Amino acid sequence: MKTRFYNNMKAVWAVCACMAAFPACTDMMETDSTTVVFEDGNRLDSPNDSLYSALGILSQVQRLGDRYVLLGELRGDLMTATTDADVDIQEVSNFSVSADNEYASFRDYYNVINNCNYALTRMDTSIVFYEDRVMVPEYVAIKTLRAWTYWQLGLAAGTVSWMEEPVLDLEGALQEHPQKNLDELATLLIDDLTPHIGVRALDYGTVDGLESRKMFIPIDVMLGDLYLYLGRYADAATAYYRYIDWRSLTLGANGNYWQNANRTSLLIGFQSTYASASSSEVLATLAYSTRANAWHPRLLGWTMSETPALVPSASFMDDMTRATHYYAAENSVSTIQGFFTGDLRGQIEYANGTTAGISYGEAWIGDYRGTAILKFYNLASAGGGASVSDPDNEAFGSYPVIRNLPVLRTPHVYLRLAEALNRYGRRATAFAVLAYGLNK
């Protein structure tokens, strides 16, 4: 299900013109440090300039995290807003968004785009060091991040204001900017990214305990998504496969499994694979600081509370409960020994009737007795960040901050490749991709 939000783009650009700055900070994942506005004629002509530009832009992307999850999962009927949620969240859940709704404002998206435009127009990609054009990887990573931000904005708003030059003053903000629908936007982004296929991926090593290469969006996956939307299925499949081949991505056995046919013992692998940024399955993530007083997603406070704002939707839990899976002993040569109901990625039910929550489960928080979304707590627990106390959520006590929000995992790439192949008419190949994986 989709809905679209609209707002006054001129007002948004006027605000962004005052925010075209990169954070100059010691903790790369902080967003509350002093900012420096560069002069209009300043050039980014050293590796240090490009490094701080890229990481500064990432600190602005952090503020898209809550919105990325809310717009996806509320509108996708995976979770629902309670009567204790604020009005803005309830409106998104009910597909009735008012003009002054917090999530109908796209300032944060345009702020990221404007900062990307600033860096791209001032980055000197001709600099060569030992025959290596040292600024090009940052240039391409920032272009791809801008494309991802534009695409998320387009999916939410339906139309976008297209800008390739930074807005640095009020005069620039008041200019008319071309409006692009999703088809036009996808075509523009493909044309913008295609010349950079094959450029070395950006990798600064470990930044604040997280792998920096996972903080950026892979260009081939971004192109695959755009091709898939436009119905260019052969191009989409080629892009996804190119990324799988380059990264040698394989699908591991990372699910949750019964260890016996009596359902008394379970091996839980899915939870840590999804939650930990260090997992080999996580390919791209929105990263946050270890510091408790830095900016972090509010998802945990909304879901684990005496008065939760967000709970799993009844239809989602019903679908998970009614799903069927089979059990086969590890060395049984595919001999099926039992069929059971329930998707083990949601909530586990043992043979004696007791349950264990994975994505959701029963919660006792203060006076609250009900089903809660647990995956954000599992995500925070696996992140290695600080613990915080929330005066508005004392019943839950202290809890860890969310350090990463995964936006791309290996199964996502395989599923999208299979979809592209299936829609292209190669149904047997699509099934084989899901069943057996890939080789050359």
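The talk below sets computed values beside the definitions of the terms.

Mentor: Keep in mind that this is a predicted model, where local features need pLDDT of at least 70, side-chain atom pairs count only at pLDDT 80 or more, and totals for chains, interfaces and linings use all residues. Residues are numbered from 1 along each chain as its sequence is written, and side-chain values use heavy atoms, with hydrogens and water left out.

Trainee: How many helices and strands are there in the chain?
Mentor: The chain has 16 helices and 22 strands.

Trainee: Why is N378 called buried?
Mentor: N378 has 16% relative accessibility, and buried means under 20% relative accessible area, exposed over 50% and partly exposed in between, with a 1.4 Å probe and protein chains only. Therefore N378 counts as buried. N378 sits in helix α14 (residues 375-381). Its C-alpha lies 9.0 Å from that of S276, though N378 and S276 are 102 residues apart in sequence. Across the chain, buried residues make up 51% of the 440 residues.

Trainee: What makes S126 buried or exposed?
Mentor: Its relative accessibility is 51%, so S126 counts as exposed. S126 belongs to the loop between α5 (107-122) and β4 (128-129). From S126 to V136 there are 10 residues in sequence and 8.2 Å in space, C-alpha to C-alpha.

Trainee: And why is D77 called partly exposed?
Mentor: At 32% relative accessibility, D77 counts as partly exposed. The loop between α3 (65-75) and β3 (79-81) holds D77. D77 also has a phi near 60°, a positive value in a residue other than glycine. R263 is not a glycine either, and has a positive phi of about 55°; R263 is in the loop between β10 (256-258) and β11 (266-268).

Trainee: What describes two packed helices?
Mentor: The angle between their axes and the distance between the axes. For helix α6 (residues 136-157) and helix α9 (residues 219-230), the angle is about 35° and the axes are 10 Å apart. Axes here are lines fitted to C-alpha atoms, for helices over the stretch in contact, and angles run from 0 to 180 degrees between N-to-C directions. The crossing of α6 and α9 is left-handed, a term for a near helix turned anticlockwise from the far one by less than a right angle.

Trainee: Which residues make the contact?
Mentor: V140, T144, A147, W148 and W151 of α6 meet I219, M222, L226 and Y229 of α9, where contact means heavy atoms within 4.5 Å. They divide into 8 nonpolar, 1 polar and no charged. Ala, Val, Leu, Ile, Met, Phe, Trp, Tyr, Cys and Pro count as nonpolar, Asp, Glu, Lys and Arg as charged, and the others, Gly among them, as polar.

Trainee: How many cavities of 30 Å³ or more does the count give?
Mentor: The count comes to 2. On a 1 Å grid over the protein atoms alone, a cavity is a set of points where a 1.4 Å probe fits but cannot get out, and lining residues have an atom within 4 Å of a point. The largest cavity holds about 90 Å³ of space, and 13 residues line it, with L58, M215, T285, L286 and A287 nearest its centre. β12 gives the most to that lining, with 4 residues.

Notes: Helices (H or I, at least four residues) and strands (E, at least two) are DSSP runs, numbered from the N terminus. On a 1 Å grid over the protein atoms alone, a cavity is a set of points where a 1.4 Å probe fits but cannot get out, and a pocket is an open set with protein on both sides within 12 Å along at least five of seven lines; lining residues have an atom within 4 Å of a point. Grid points are joined across faces, edges and corners, and a volume is the space filled by probe spheres set on the points.
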